[in-house]
Protein chains: 2
Amino acid sequence: MSYFDVASSAPLHPVARQALQASLDEGWADPSRLYREGRRARLLLDAAREAAAEAVGCRPDELAFTSSGTRAVHAGIAGALAGRHRAGRHLVVSAVEHSSVLHSAEVHRREGGTVSEVPVLRSGAVSPDAYAATLRPDTALACLQSANHEVGTEQPVAAVAEACREAGVPLLVDAAQSLAWGPVAGGWSLLTGSAHKWGGPAGVGLLVVRKGVRYASQGPVDERESGRSPGFENIPAVVAAAASLRAVRAEAAAESARLRELTDRIRARVPELVPDVEVVGDPVDRLPHLLTFSCLYVDGETLLHELDRAGFSVSSGSSCTSSTLTPSHVLKAMGVLSEGNVRVSLPVGTPAEDVDRFLAVLPGTVAAVREKLGAPSATASAVTAGRDSILVDALGKRCPIPVIELAKVITDVPLGGTVRVLSDDEAARLDIPAWCEMRGQEYVGEEPADRGTAYVVRRVVL
Amino acid sequence: MSYFDVASSAPLHPVARQALQASLDEGWADPSRLYREGRRARLLLDAAREAAAEAVGCRPDELAFTSSGTRAVHAGIAGALAGRHRAGRHLVVSAVEHSSVLHSAEVHRREGGTVSEVPVLRSGAVSPDAYAATLRPDTALACLQSANHEVGTEQPVAAVAEACREAGVPLLVDAAQSLAWGPVAGGWSLLTGSAHKWGGPAGVGLLVVRKGVRYASQGPVDERESGRSPGFENIPAVVAAAASLRAVRAEAAAESARLRELTDRIRARVPELVPDVEVVGDPVDRLPHLLTFSCLYVDGETLLHELDRAGFSVSSGSSCTSSTLTPSHVLKAMGVLSEGNVRVSLPVGTPAEDVDRFLAVLPGTVAAVREKLGAPSATASAVTAGRDSILVDALGKRCPIPVIELAKVITDVPLGGTVRVLSDDEAARLDIPAWCEMRGQEYVGEEPADRGTAYVVRRVVL
């Protein structure tokens with residue numbers, strides 16, 4: 001069995017387990033009490049805060065433990081916006097932030113604030129210049145992840161932080177995906193993290209607010225954690241989180257080099273082994289352990305299921321794997337293929353053999369899914385052509401069927417002829433242009449239709 | 001060493017420890033993922049939800065796990081108020097709720113809602129009639145704890161729930177202090193709990209919302225826990241919480257009878273062993289393991305410190321033990337003495353010998369604190385009297401000094417004469433009337449003064 005989805009959640013690091021067990025006996029009392037059990041709990045909490053602060057690169061009194069990374073993001077954004085309400089009500093986020101950031105932005109919008117989403121390049125990264133151009137005199141807060149959780153692309157945090165500093169805008173960095181590998185460089189103002197992403201226990205997030213940053217906690221008052229995170233402190237988990245962060249950092253340099261070789265291998269080999277694949281995300285400026293690719297004519301959910309049967313746990317940003325039946329907002333913002341999407345994120349210690357086994361299994365698995373769906377083979381493009389224009393009715397059909405239907409008829413029109421694909425599947429908006437780019441056909445655009453949308457493709461190559 | 005502060009936090013129950021350790025290997029993955037690690041995590045989560053729901057007496061789909069009891073209260077009140085915003089913006093709470101309830105009420109008030117606080121009797125209980133009279137056509141939500149966390153008094157939840165049902169108002173019950181002992185009777189609509197109060201781990205709260213209760217989650221959207229509790233699920237802790245709740249329930253009947261004997265013993269013996277003590281809270285309708293008393297002329301912080309040195313961990317609602325230097329709002333609402341306040345809450349399994357040792361140690365400890373403070377002895381009340389009226393300037397002096405100064409001079413005025421105590425200590429407002437009640441002197445009332453407040457006492461007994 002190979003678990004390749006550490007970007008969702010990492011198995012508990014052995015050091016986290018030891019620290020958790022060791023602190024269960026000492027860490028259960030209320031650290032605000034002055035009796036001995038309370039004092040012992042306080043000592044553990046203080047030591048954990050110092051260790052975590054050192055790993056993050058901040059002062060202990062700048063760091064609060066929250067109950068999750070999501071809570072850290074929610075609190076951090078709300079608190080920073082409120083602290084800066086005199087500056088204005090404009091919030092800047094990148095288009096590829098984690099949902100906890102985007103959902104916080106929605107709340108801000110609903111409450112009368114304004115939000116700008118900075119678009120990303122096809123690599124998934126924002127351009128520092130584009131980010132800087134979005135900052136306004138009334139910008140209260142800017143948010144940028146350290147690295148993307150779906151494609152691994154590292155963001156230019158230091159450059160954006162500098163632009164924010166010049167504009168006098170605090171920058172909140174969601175560092176959930178990268179904290180295992182090192183501190184976040186640059187002059188950020190707030191930072192969030194999540195312990196279960198680095199092998200710590202669930203139930204622990206980090207919220208760092210630099211001294212001097214205006215911040216006003218929202219919600220009901222609670223004295224714990226400098227008033228920034230309500231609820232009784234979860235000390236054994238906090239101790240385990242801090243200890244495991246130190247432990248993964250101690251092995252980060254060696255392990256990151258090793259995992260980067262493995263992910264480079266997958267990035268290079270998958271397009272050789274599997275036809276019609278798009279590897280997405282920045283090839284160089286990326287997390288060492290994470291890569292993503294999409295497979296044309298493949299149903300993501302079926303692919304994940306088959307890979308699970310073959311012993312590989314991976315995740316996907318395909319629309320069929322989301323509860324809302326829309327493709328991942330990250331892939332959408334990048335403008336890349338979303339069908340048959342697979343994210344591989346390797347845990348620390350993944351043996352090379354597991355990766356080789358994955359590369360051995362993948363081609364047959366993808367081929368089987370494609371065959372089941374009746375996908376056209378890449379080579380069988382007949383040159384014979386009939387009518388100048390064809391309308392494909394794919395209404396009610398879900399990803400990847402609209403693209404498969406398109407591929408099946410493209411050779412039925414002559415060069416210069418057009419195919420209109422009528423679809424009400426959100427994924428088609430992303431995947432039909434992506435198919436055109438992969439195939440070298442011309443994507444003309446979309447036209448409104450009585451039901452769904454018509455996506456127009458012109459045949460320009462054989 | 002005797003830990004007598006389980007109402008703050010209970011040591012981890014052995015079953016919780018076992019369940020936690022057993023689920024660390026299976027419960028770390030994301031339960032929303034469909035691969036095997038995710039499915040295993042989901043099974044654990046579902047089983048824990050069923051076990052917790054059975055213990056609470058609700059359907060599994062009515063129960064969400066939160067990251068703390070505080071979070072459950074915050075979310076429950078905000079969600080119920082928002083769900084009922086068409087009914088009105090009136091919130092009813094008792095005056096002795098946990099701070100998480102009162103702080104939620106503050107937020108509601110700040111946002112333009114209205115809040116009624118139902119006063120309590122000297123026992124700490126609300127009167128069901130008084131509670132019912134506070135309900136209005138625009139009442140969106142009513143809150144009542146199952147039992148008080150500081151004095152142990154059980155609230156008439158079933159009667160209040162019935163009044164709420166008749167008025168068409170949902171009732172939220174904060175059951176944090178009582179869930180270990182049994183389900184909450186009566187037709188409540190929402191219920192909250194906290195695992196570390198019953199011997200479960202920190203990091204787990206319960207929020208139950210009965211089917212049919214209007215509820216609208218507030219804050220950023222998050223799909224986990226039916227949208228009611230954002231953040232990655234803490235499955236090992238949730239499993240441990242559910243398992244330990246079952247375990248404490250299995251021993252609840254026997255242990256509650258045994259602990260009630262021990263707390264009855266303390267309630268009876270303390271006033272016999274220690275002069276000038278007021279035992280507070282309902283003597284019968286109360287939690288089995290918790291009791292509270294206050295000692296005249298005693299500094300609570302010093303008393304706690306001395307008891308800690310003697311091996312007893314207890315807590316206090318005295319002003320000197322709070323960060324705001326005000327007495328506990330619970331003691332204030334009850335109108336009972338707050339100085340030298342001691343809360344004893346016995347963990348499951350407390351040996352009778354520990355209680356006897358406490359009773360042996362307490363009298364000498366209190367006497368030593370009193371001696372250090374120069375407190376008047378109860379017997380040395382000289383009958384000699386001088387001026388008709390005396391002004392005691394206790395400005396800048398903190399509890400229990402103003403009461404000690406009063407006691408020292410009361411015999412210097414003749415019967416019918418008055419003592420004015422000038423004090424700027426919040427505790428005086430509560431403790432001077434309480435002293436009068438204990439001594440049989442007449443409390444005339446308070447008068448405004450240039451600095452602080454003048455508390456007027458008339459000598460009516462020798």
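Mentor: We'll take domains, then strands. Keep in mind that this is a predicted model.

Trainee: Which domains does the assignment give for chain A?
Mentor: Domain 1 spans 2–250, domain 2 spans 252–373 and domain 3 spans 389–458. The centres of domain 1 and domain 3 of chain A are separated by 42 Å, taken over C-alpha atoms.

Trainee: Where does UniProt place "domain: UPF0033" in chain A?
Mentor: At residues 392–416 of chain A, from an unreviewed entry. Over residues 392–416 of chain A, the chain is 36% helix and 8% strand. The end C-alpha atoms of that stretch are 17 Å apart.

Trainee: New topic. What is the strand order in the open sheet of chain A?
Mentor: S9-S10-S12, with antiparallel pairing. S9 (277–280) and S12 (341–345) of chain A are the edge strands, each pairing on one side only. Neighbouring strands are turned by 20° against each other on average, direction ignored.

Trainee: How many bridges between S9(A) and S10 of chain A?
Mentor: Four, in the antiparallel sense. Glu278(A) stands opposite Ser294(A) in S10(A).

Trainee: Over to chain B. Why is strand S8 largely enclosed by the rest of the structure?
Mentor: Because five of the five residues of S8 (205–209) of chain B are buried. Gly205(B), Leu207(B) and Val209(B) point one way, Leu206(B) and Val208(B) the other.

Trainee: Which strands are joined to S8(B)?
Mentor: S2 (63–66) of chain B, by four bridges, antiparallel. Leu63(B) has Val208(B) as its bridge partner there. S7 (190–194) of chain B also runs antiparallel to S8(B), with five bridges. Gly193(B) is partnered by Leu206(B).

Definitions and conventions:
Residues numbered from 1 in each chain as written. Chains lettered and ligands numbered in written order. Predicted model: local features only at pLDDT ≥ 70, side-chain atom pairs only at ≥ 80, totals over all residues. Heavy atoms only, no water. UniProt positions renumbered as here; feature names shortened; annotations may be inferred. Helix = DSSP H or I, 4+ residues; strand = E, 2+ residues; numbered from the N terminus. Domains from an automatic or database assignment. Pairing = 2+ DSSP bridges. Axes fitted to C-alpha atoms, helices over the stretch in contact; angles between N-to-C directions. Buried < 20%, exposed > 50% of the residue type's maximum accessible area, 1.4 Å probe, protein only.
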